[in-house]
Amino acid sequence: MSDIKQKTINNMAWSVTERLSLQVIHMGISIVLARLLEPSQFGLIGMLAIFTSIAQSILDSGFGSALIQKKDATRTDASSIFFFNLLIGIVLSGILFIFAPSIANFFNQPILKSLTRVLSITLIINAFSLVQLSLLRKNLEFKKHFIVGITAVLFSGLCAIIAATLGIGVWSLVVQSISFSLAQAVSLWIFNQWRPALEFSLTSLKTMYSFGSKLLIAGIIETIFKNLYQTFIGKTYSASDLGYYTRASTMESAVSVAGSMALGQVIFSAFAPYQDDNTTLKQVHSKTIRMSMFIILPVMIGLIVVAKPLFVFLLTEKWAPSVPYFQLLCVIGMLFPIVVQNYNLLRIKGRTDLHLRLEIIKYAMTIIAIVLTYKFGILALIYGQIGVALISHFVVSYIAGRLVGYSLFDKFKDVFPSGAVSLFMGAVIFLV
């Protein structure tokens with residue numbers, strides 16, 4: 001156990017360093033682009049998010065996580081997944097290319113036709129990355145993961161800033177997306193020695209289908225509803241309104257997602273072999289939640305208090321309408337670390353069936369929230385999101401905790417100290 005503990009600590013350090021570094025660099029690039037471009041141009045890309053994200057979820061197919069979770073994964077398993085993903089990437093790219101005019105008509109934005117067709121190229125490029133990324137995580141090679149991530153973000157950010165400076169507008173965001181996928185794929189093939197063998201086995205895919213298929217369905221459902229608000233705002237309101245919302249969401253996610261996902265990747269990869277040791281998993285689950293909430297709660301509360309001067313200083317006055325959206329989304333962001341660890345625990349235990357059912361329940365509530373709030377504006381829609389996040393948080397926490405004997409009261413004891421100190425800090429900053 002001491003070996004896996006030390007290895008987990010080392011890789012957690014690399015993973016967290018990677019995520020935080022990437023988010024700092026990405027945020028710096030995002031701020032520069034926000035100052036160079038208009039909100040409506042970000043809104044146009046936001047309209048396409050649901051389509052490109054669903055396609056990416058299908059491309060992932062859940063097989064990447066299945067490859068990590070499978071204890072005795074072979075080269076044939078990895079090669080079969082690689083060729084399957086390459087085929088799926090080509091098919092999905094073709095589908096987006098064909099339906100691009102329909103997407104443009106749906107939003108009544110003719111430029112979306114060409115934007116969609118060019119962005120579809122990323123699906124083919126990303127098909128070359130999935131197995132490579134999964135194997136790095138499975139083997140806990142997060143140092144290489146770090147190098148690949150930094151390379152891709154820096155290269156794509158530089159390309160986007162140059163393109164925006166040259167005045168090509170929304171196309172600079174397309175350049176950023178494609179150059180990121182390309183840089184990531186090339187870096188992975190340089191730093192990872194694995195190469196696909198000329199082998200393909202349907203039997204191999206079927207052995208991982210039970211695990212991967214449920215994650216695929218859950219991932220598609222999650223992607224749809226994660227981007228449903230953007231799609232609804234883009235259809236109902238203007239591109240500028242969507243631009244303000246996506247900027248607020250991007251700024252919030254940069255903080256809440258970075259550390260949480262980094263910890264989640266390491267914990268899943270390191271402790272998947274210990275899926276039957278509930279005592280160890282309970283300890284890890286508890287410590288991870290305490291650590292992540294100790295970091296995220298004071299940061300989020302502080303950002304809520306200083307949101308307006310922060311936005312005006314970093315992004316200029318033109319982005320001021322994003323401030324109230326950002327403040328409310330930060331409330332949801334406070335819960336994100338716990339959500340990540342709960343679903344992570346379900347995956348480690350192999351209970352992707354519960355993962356899928358919980359996602360269905362969560363997004364049924366999302367539909368109800370949208371129906372009840374859409375008539376009252378974007379702020380009302382976000383209040384609906386907060387309500388759904390709170391209810392689903394308690395449901396998922398209760399069910400995931402039962403698998404290892406970790407109760408809601410245990411979670412309260414772990415979170416309360418950080419919450420109390422963070423609220424006091426936020427009150428002091430507000431008064432000052």
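Q: Is Cys159 buried, partly exposed or exposed in this predicted model?
A: The model is predicted, so local features need pLDDT of at least 70, side-chain atom pairs count only at pLDDT 80 or more, and totals for chains, interfaces and linings use all residues. Residues are numbered from 1 along each chain as its sequence is written, and side-chain values use heavy atoms, with hydrogens and water left out. Buried means under 20% relative accessible area and exposed over 50%, with partly exposed in between (1.4 Å probe, protein chains only). Because its relative accessibility is 21%, Cys159 counts as partly exposed.

Q: What is the relative accessible area of Cys330, and how many disulfides does a search of the whole structure find?
A: Cys330 is buried, its relative accessible area being 0%. With a disulfide taken as a pair of cysteine sulfur atoms within 2.5 Å, the number found in the whole structure is zero.

Q: Which residues does Ser93 touch, not counting residues up to four places away in sequence?
A: Ser93 is found in helix H4, residues 75-107, and is buried at a relative accessible area of 8%. Counting contact as heavy atoms within 4.5 Å, and leaving aside residues up to four places away in sequence, Ser93 touches Ser120, Ile121, Leu123 and Ile124.

Q: Which residues of H5 does H2 meet?
A: Helices here are DSSP runs (H or I, at least four residues), numbered from the N terminus. H2 spans residues 39-60 and H5 residues 112-119. From H2, Leu44, Met47 and Leu48 meet, in H5, Leu112, Leu115, Thr116 and Leu119.

Technical notes
Axes fitted to C-alpha atoms, helices over the stretch in contact; angles between N-to-C directions. Helix = DSSP H or I, 4+ residues; strand = E, 2+ residues; numbered from the N terminus.
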